[in-house]
Amino acid sequence: MHPHRLRSLAVAVAGLACALPPPAQDAWAGLARPGAIVLFRHATAPGVGDPPGLKLGDCSTQRNLDEQGRAEARRLGEAFRRRNIAVGAVLASQWCRAQDTARLAFGEQAVRDAPAFNSFFGQPQQREAQVAQARALLARWKGPGALVVVTHQVNISALTGSGAASAEGVVVRALP
């Protein structure tokens with residue numbers, strides 16, 4: 001996956017403006033607009049789900065980025081810098097693969113934990129409440145700069161109705 005692969009969504013989805021995939025350049029241009037938000041799936045972490053006994057804060061109990069994933073994350077940050085995209089905040093799921101993607105792309109000090117974007121894969125009972133929390137958080141974003149969220153496939157699908165490959169982003173905008 002190339003981190004320049006962004007898609008923009010444009011249908012109203014419960015408080016988010018979302019567009020079917022225009023060219024990637026349009027999505028990058030959308031990130032320069034006030035109030036822009038991009039939901040990134042973490043970079044490549046081989047496997048599906050997590051091993052039994054997952055503990056937040058203990059990366060040895062989770063699926064983690066491989067070398068390809070670490071390279072994707074670094075390229076993601078380079079793509080933002082090359083395009084002079086101002087980043088106002090970086091929020092990441094508490095899973096190590098999301099945290100590592102965000103830190104490698106945007107720097108250690110830029111990343112804030114965002115439990116609303118934690119994976120609920122295998123825990124469907126958490127979906128509704130967590131998606132509501134995430135939508136509320138996104139709806140409050142006004143900038144300055146783009147809000148970057150590093151999360152999981154299940155979260156992106158629930159929020160937008162669209163999927164994302166590893167290190168791929170979906171650009172959305174909160175509706176007034």
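1. In helix 4 of this predicted model, the residues that count as buried are Gln130, Val131, Ala134 and Leu138. Around the axis these residues cover an arc of only 100°, which puts them on the same side of helix 4. Glu128 and Ala129, by contrast, are exposed and lie on the other side of helix 4.

2. Buried in helix 2 are Gly69, Glu72, Ala73, Leu76, Gly77, Ala79 and Phe80. Their arc around the axis is only 155°, which places them on the same side of helix 2.

3. At its start, Asp66 brings a side-chain oxygen to within 3.2 Å of the backbone nitrogen of Gln68, while just after the helix Asn84 adopts a positive phi of about 55°.

4. Helix 1, residues 24–31, contains Ala27, and this residue counts as buried because its relative accessibility is 0%, where the cut-off for buried is under 20%. Between Ala27 and Val38 there are 9.2 Å in space, taken from C-alpha to C-alpha, and the two residues are eleven apart in sequence.

5. As for the overall arrangement, the chain is made up of five helices and eight strands, and, when read along the sequence, these elements follow the pattern β-β-β-α-β-α-β-α-β-α-β-α-β. Of its 176 residues, 48% count as buried.

6. The largest pocket has a volume of about 160 Å³, and its lining is drawn from several stretches of sequence, including Arg41 and His42, Gly47, Val48 and Gly49, and also His152, Gln153 and Val154. Arg63, Arg97, Ser119 and Phe121 line the pocket as well. By residue class, the lining of this pocket divides into six polar, three charged and three nonpolar residues.

Terms used: Residues numbered from 1 in each chain as written. Predicted model: local features only at pLDDT ≥ 70, side-chain atom pairs only at ≥ 80, totals over all residues. Heavy atoms only, no water. 1 Å grid on protein atoms, 1.4 Å probe; cavity = no way out; pocket = protein on both sides within 12 Å on 5 of 7 lines; lining within 4 Å. Points joined across faces, edges and corners; volume = space filled by probe spheres on them. Nonpolar A, V, L, I, M, F, W, Y, C, P; charged D, E, K, R; others polar. Buried < 20%, exposed > 50% of the residue type's maximum accessible area, 1.4 Å probe, protein only. Helix = DSSP H or I, 4+ residues; strand = E, 2+ residues; numbered from the N terminus. Arc of directions from axis to C-beta. Polar contact = N/O pair within 3.5 Å; in protein donor to acceptor, adjacent residues only side chain to side chain.
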